[in-house]
Protein chains: 2
Amino acid sequence: MYKLLKQVEGHARRGEFVTPHGTVQTPAFMNVGTVAAIKGGLSAKDLEDIGCQVELSNTYHLHVRPGDELIKAMGGLHKFMTWSGPILTDSGGFQIFSLADLRKITEEGVSFHSHVDGRKLFIGPEQSMRIQANLGSDVAMAFDECVKIPSPREYFESSCARTYRWLVRCKSALAAYNAEPDAVNPGQMLFGINQGGIYPDLRVDHMKAIAELDLPGYAIGGLAVGETTQEMYDTIEIVQEHMPADRPRYLMGVGTPGNIIEGVWRGVDLFDCVMPARNGRHAHLFTKQGVINLKNERYARDESPIDPECGCPVCRRYSRAYLRHLFKAEETLGLRLAVMHNLWFYNDLMAEIRAALEAGTFGEYRAKYSKLLDTRI
Amino acid sequence: MYKLLKQVEGHARRGEFVTPHGTVQTPAFMNVGTVAAIKGGLSAKDLEDIGCQVELSNTYHLHVRPGDELIKAMGGLHKFMTWSGPILTDSGGFQIFSLADLRKITEEGVSFHSHVDGRKLFIGPEQSMRIQANLGSDVAMAFDECVKIPSPREYFESSCARTYRWLVRCKSALAAYNAEPDAVNPGQMLFGINQGGIYPDLRVDHMKAIAELDLPGYAIGGLAVGETTQEMYDTIEIVQEHMPADRPRYLMGVGTPGNIIEGVWRGVDLFDCVMPARNGRHAHLFTKQGVINLKNERYARDESPIDPECGCPVCRRYSRAYLRHLFKAEETLGLRLAVMHNLWFYNDLMAEIRAALEAGTFGEYRAKYSKLLDTRI
């Protein structure tokens with residue numbers, strides 16, 4: 001359930017999204033824990049400490065290892081990883097289309113080989129829903145095809161049509177699985193995913209079609225896969241006009257702090273991205289002054305924290321000099337502290353955005369930070 | 001300063017060791033943080049959470065990277081790594097003799113090549129003391145030669161004589177450095193190190209000689225490098241008779257939980273070992289029932305904690321099934337949680353030993369656990 005609290009500037013929305021495991025204050029950034037653990041060595045306890053509202057896990061990875069049936073037997077993903085807040089799982093589609101080898105798409109679904117042990121697997125809409133029902137996430141994502149940009153218009157047309165038919169199957173399958181007496185999370189919700197590349201008419205037609213299925217939320221998928229930033233922003237603007245105003249809107253896999261500010265401006269409520277964790281592992285750290293590379297010699301004797309304006313557990317305790325030393329010595333502690341800082345930065349960015357929306361100052365916030373935060377300094 | 005609180009059974013001692021950064025309740029296990037970070041991704045905050053009393057860092061590693069002069073400029077090792085409790089640094093000798101290439105020993109010291117970048121380095125007693133004074137640890141260890149077992153008796157004789165001459169130089173050098181106006185930790189103490197392999201007369205002669213230098217503490221070095229366990233225990237028994245009763249006794253680089261219980265029984269106060277961290281990284285976890293290998297298939301759906309009797313932050317939250325999954329998926333979080341548990345286990349073992357000494361039940365504790373804890377189950 002989505003409750004719009006305030007909409008004052010542009011299309012930006014301040015709202016609340018109610019899930020079986022708690023209410024999410026939106027706009028929100030979902031923290032990616034691919035295999036029920038955050039890359040860099042962060043625990044569920046760490047997520048609590050850095051202000052994470054929603055954890056996002058990957059269906060494909062968990063299906064391959066340790067297996068969704070094992071996780072169901074352990075009481076579901078929340079219990080397995082000891083995260084009591086909301087969890088969203090992707091459909092597996094994006095990973096199948098980007099990681100797996102020798103895939104073959106039919107109307108039924110996708111055949112492919114596991115990236116771990118090469119064994120043959122098949123996932124279609126019903127399999128994806130079964131896996132996500134076994135995991136017991138709060139939000140299950142529809143099984144769709146994420147088509148790379150550029151691709152021929154004809155391919156997008158046929159893919160969108162099939163993704164729509166798959167969505168219809170997802171909806172009825174998930175409803176059936178969650179009506180079973182041993183369902184892990186009977187209140188699990190299904191989000192539909194809009195596709196269509198950067199063809200405005202395909203995007204709008206597809207959005208109108210899936211909106212009629214009356215799902216608890218909708219995502220814009222298939223972006224940040226080859227288009228320009230402006231094309232991404234234009235696509236959001238075009239699609240959001242046709243997204244139900246009383247449902248949460250999720251922009252999948254995006255992006256930089258600037259991208260997120262611009263996404264919020266265009267009406268997006270939920271985001272996810274591997275960027276804060278991945279950049280952290282490369283010693284690229286977000287600050288309110290721009291992105292710094294901690295491996296730079298200039299930080300060797302720098303006693304200040306990563307970001308003097310930051311209140312995260314890392315900045316409250318450790319110096320740039322110490323963190324740089326950890327990276328140079330290839331100590332895994334360096335990765336963990338860098339990822340903690342970057343995820344805090346993203347979560348804190350969302351808190352600041354929400355506060356600006358409430359105060360009616362988001363336009364100024366956007367003007368000040370939209371470009372600045374993405375600058376490498 | 002060492003204060004003997006109680007000595008009731010065998011040679012086991014319950015005491016207190018006062019350092020410039022706090023009092024250590026002994027017997028105690030020192031947690032190894034080689035380059036000012038604990039292998040596996042543990043932070044100084046984690047050390048606080050797992051009951052660590054003393055942190056141990058490696059002089060050689062820190063000299064090579066980031067450099068002891070940098071650490072001095074950053075206010076010393078305590079401030080650099082944000083650990084406010086006692087720190088002991090080794091002399092660099094053990095690493096030079098085990099890691100470095102092309103070493104050449106003279107009366108002055110040792111020439112060798114850095115294991116990181118191959119550059120030529122020289123460390124003798126004065127250099128080791130200068131580095132440790134720059135780090136500002138609470139206990140500096142004497143620069144000695146750690147001779148492998150077996151080696152010819154003649155080699156041990158000449159090495160012990162040189163190590164004694166080096167100790168005299170260490171004592172005067174460290175006193176001079178810590179009298180300088182910008183000394184990082186003027187209260188830094190020097191521990192002498194007993195050598196002599198498994199030759200009882202060499203051990204005793206060397207111990208008597210170094211005892212006359214009236215140092216704040218003494219270590220038994222050169223063990224766990226090739227001798228049998230019984231030879232190690234026999235050597236401790238022989239040496240401890242000649243160690244000053246009013247100074248702390250440190251058994252270097254030892255060992256298993258059983259070794260530690262037997263060391264305490266023979267009068268040792270301080271221990272260090274990489275075993276809990278190294279075993280943790282290989283998913284070998286200590287429990288009160290013996291050592292388990294968490295990668296074993298039998299734990300795949302085991303909802304119990306690593307050790308049902310353990311109160312550590314890992315056992316209070318996570319299941320064996322989840323931790324095993326992290327190891328199988330090669331997530332660094334698995335390493336961190338395993339090392340946290342094992343270090344807690346060692347720190348808790350020492351707390352139990354101290355409690356048993358106070359209660360007069362250490363003989364029973366030893367009989368129950370000395371073999372059991374080292375058993376692989």
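1. In chain A, 28 residues of domain 1 are in contact with 31 residues of domain 2, where two residues count as in contact if their C-beta atoms, placed from the backbone, lie within 7 Å. Strand S4 (28-32), helix H1 (44-49) and helix H10 (257-265) of chain A each supply at least two residues of the side of domain 1 that touches domain 2, and the largest share of that side, 7 residues, comes from H10(A). Helices (H or I, at least four residues) and strands (E, at least two) are DSSP runs, numbered from the N terminus. By class, this side of domain 1 of chain A divides into 14 nonpolar, 7 polar and 7 charged residues; Ala, Val, Leu, Ile, Met, Phe, Trp, Tyr, Cys and Pro count as nonpolar, Asp, Glu, Lys and Arg as charged, and the others, Gly among them, as polar.

2. This is a predicted model, in which local features need pLDDT of at least 70 and side-chain atom pairs count only at pLDDT 80 or more, while totals for chains, interfaces and linings use all residues. Residues are numbered from 1 along each chain as its sequence is written, and chains are lettered from A and ligands numbered from 1 in the order in which they are written.

3. The domains of chain A are domain 1 (2-273) and domain 2 (280-374), with bounds that come from an automatic or database domain assignment. Taken over C-alpha atoms, the centres of these two domains of chain A are separated by 27 Å.

4. Between the chains, 31 residues of chain A are in contact with 31 residues of chain B. Helix H3 (68-73), helix H4 (77-81), H12 and H13 of chain A are the elements that give two or more residues to the side of chain A that touches chain B, and H12(A) provides the largest share, 5 residues. That side of chain A has 17 nonpolar, 6 polar and 8 charged residues.

5. A rotation of 180 degrees with 0.0 Å of shift along its axis superposes chain A on chain B, with an RMSD of 0.0 Å, which is the relation of a two-fold axis. The superposition is by least squares on the C-alpha atoms of residues with pLDDT of at least 70 in both copies. Of the interface residues of chain A, 100% are also interface residues in chain B, so the copies meet through the same surface.

6. Helix H12 (residues 320-328) of chain A deserves a separate look. Among the buried residues of H12(A) are A:Tyr322, A:Leu323 and A:Phe327, and what covers the buried residues includes helix H13 (332-359) of chain A together with helix H4 (77-81) of chain B. H12(A) is followed by A:Glu330, whose phi is positive, near 55 degrees.

7. In chain B, B:Ile105 is found in strand S7 (residues 101-105), and B:Ile105 is partly exposed, with 15 other C-beta atoms within 10 Å. Leaving aside neighbours within four places in sequence, B:Ile105 is in contact with B:Val110 and B:Glu145.

Notes. A residue is buried if 20 or more other C-beta atoms lie within 10 Å of its own, exposed if 12 or fewer, and partly exposed in between; C-beta atoms are placed from the backbone.
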